[in-house]
Amino acid sequence: MKSLIAQLRVAAEKHALYRRTRDEIAGMPRRVALDLGIFPEDAERIARKAVWG
C-alpha cells in the first residue's frame, strides 16, 4: 500500500501534467489545432482524458 505522501505526490504530478497539457492545447494556434482535429475550447476535456483516462 502506498504511503499518503506518495499518493499526494502522484496526485500533484498528475494535476501539474493536466494543467500543462490544458494550457498547451488552449494556447495552440487555431489553425494548428484544427489541422490536428481538435478544438482549443475542448482543452479541459482533452487534458483530463489524457491524464486520468
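View 1. The model is predicted; local features need pLDDT of at least 70, side-chain atom pairs count only at pLDDT 80 or more, and totals for chains, interfaces and linings use all residues. Residues are numbered from 1 along each chain as its sequence is written, and side-chain values use heavy atoms, with hydrogens and water left out. Helices (H or I, at least four residues) and strands (E, at least two) are DSSP runs, numbered from the N terminus. Ala43, Ala47 and Val51 are the buried residues of α3. Seen down the axis of α3, these buried residues fall within an arc of 45 degrees, so they line one face of the helix. The arc is taken over the directions from the helix axis to the C-beta atoms. Buried means under 20% relative accessible area, exposed over 50%, and partly exposed in between (1.4 Å probe, protein chains only). Just after α3, glycine 53 has a positive phi of about 85 degrees.

**View 2. Helix α1 (residues 4–27) crosses helix α3 (residues 43–52) at roughly 145 degrees.** Their axes come within 8 Å. Axes are lines fitted to C-alpha atoms, for helices over the stretch in contact, and angles run from 0 to 180 degrees between N-to-C directions. The crossing of α1 and α3 is right-handed; a crossing is right-handed if the near helix is turned clockwise from the far one by less than a right angle, and left-handed if anticlockwise. On the α1 side, the residues in contact are Lys14, His15, Leu17, Tyr18, Thr21, Arg22, Ile25 and Ala26. On the α3 side they are Ala43, Glu44, Ile46, Ala47, Arg48, Val51 and Trp52. Contact means heavy atoms within 4.5 Å. The residues of this contact divide into nine nonpolar, two polar and four charged (Ala, Val, Leu, Ile, Met, Phe, Trp, Tyr, Cys and Pro count as nonpolar, Asp, Glu, Lys and Arg as charged, and the others, Gly among them, as polar).

**View 3. One aromatic pair is present in the structure.** The rings of tyrosine 18 and tryptophan 52 have centres 5.5 Å apart and planes at 40 degrees, so the pair is tilted. Rings of Phe, Tyr and Trp (its six-membered ring) pair if their centres lie within 6.5 Å; planes under 30 degrees apart count as stacked, over 60 as edge-to-face and the rest as tilted. Tyrosine 18 belongs to helix α1 and tryptophan 52 to helix α3, so the pair ties together parts that are 34 residues apart in sequence. Tyrosine 18 counts as buried at 10% relative accessibility, whereas tryptophan 52, at 43%, counts as partly exposed.

**View 4. Lysine 14 lies in helix α1.** With 35% relative accessibility, lysine 14 counts as partly exposed. Not counting residues up to four places away in sequence, lysine 14 touches Val51 and Trp52. Lysine 14 and leucine 34 are 20 residues apart in sequence, and their C-alpha atoms are 26 Å apart in space.

**View 5. Isoleucine 38 sits in the loop between α2 (30–35) and α3.** Leaving aside neighbours within four places in sequence, isoleucine 38 is in contact with Ile25, Met28, Ala33 and Ile46.
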